[in-house]
Amino acid sequence: MLKHSGLTNSDLWIKLYNKEITIGGNSKLKIYGLLQCKSGKRMKRENRIFFKSIAEAISSGFRPCGHCMRKDYLRYQIINKNSL
């Protein structure tokens, strides 16, 4: 997990190019999503974090975005509803 606030723009672009970053997330809301997500692009830089994979985001306790990852989000809701 990498914090956006700890990266320079050039470091960010290098990591994106090298596929070291594939998923973005919101550290306050514990949500992960695609880098192209409109919701993710609006979040504050200090709240934005990056993951190498979905598995890393899930293991860090994040849930899928309801906008850009709709199917995963619905599956997440069903699983959590059944576990209550």
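A disulfide is taken here as a pair of cysteine sulfur atoms within 2.5 Å, and by that criterion the structure holds 0 disulfides. The structure is a predicted model, in which local features need pLDDT of at least 70 and side-chain atom pairs count only at pLDDT 80 or more, while totals for chains, interfaces and linings use all residues. Residues are numbered from 1 along each chain as its sequence is written, and side-chain values use heavy atoms, with hydrogens and water left out.

With regard to accessibility, a residue is called buried under 20% relative accessible area, exposed over 50% and partly exposed in between, using a 1.4 Å probe and protein chains only. Cysteine 37 counts as buried at 7% relative accessibility, whereas cysteine 68, at 24%, counts as partly exposed.

Salt bridges, defined by a side-chain nitrogen of Lys or Arg within 4 Å of a carboxyl oxygen of Asp or Glu, number 2 in the structure. One of them links lysine 15 to glutamate 20, with 3.3 Å between the closest N and O atoms, and glutamate 20 is partly exposed at 33% relative accessibility. In another, the side chains of aspartate 72 and arginine 75 meet at 2.9 Å, N to O. Both of these residues belong to helix α4 (residues 70-82), where they lie 3 residues apart, about one turn of the helix; helices (H or I, at least four residues) and strands (E, at least two) are DSSP runs, numbered from the N terminus. Aspartate 72 is partly exposed, with a relative accessible area of 25%, and arginine 75 is likewise classed as partly exposed, at 48%.

Strands are regarded as paired if DSSP finds at least two bridges between them. Strand β2 (residues 23-26) and strand β3 (residues 31-34) run antiparallel and are joined by 4 bridges, and within this pairing glycine 24 has glycine 33 of β3 as its bridge partner. The two strands form a hairpin with 4 residues between them, and lysine 30, in the turn, has a positive phi of about 60°. Strand β3 is also joined to strand β5 (residues 63-64) by 2 bridges, the two running parallel, with tyrosine 32 opposite proline 64 in β5.

Tyrosine 32 is also among the 7 residues of the largest nonpolar core, together with Ile23, Ile49, Phe51, Ala57, Phe62 and Met69. Such a core is a set of buried Ala, Val, Leu, Ile, Met, Phe, Trp, Tyr and Cys residues joined through side-chain atoms within 4.5 Å. When residues up to four places away in sequence are not counted, alanine 57 touches Tyr32, Phe51 and Phe62, a contact being defined by heavy atoms within 4.5 Å.

Two loop positions complete the description. Asparagine 47, in the loop between α2 (38-42) and β4 (48-51), is buried at 14% relative accessibility; leaving aside its neighbours within four places in sequence, asparagine 47 is in contact with Gly25, Asn26, Ser27 and Lys28. Glycine 66 is placed in the loop between β5 and α4 and is also buried, with a relative accessible area of 19%. The C-alpha atom of glycine 66 is separated by 27 Å from that of glycine 6, which lies 60 residues away along the chain.
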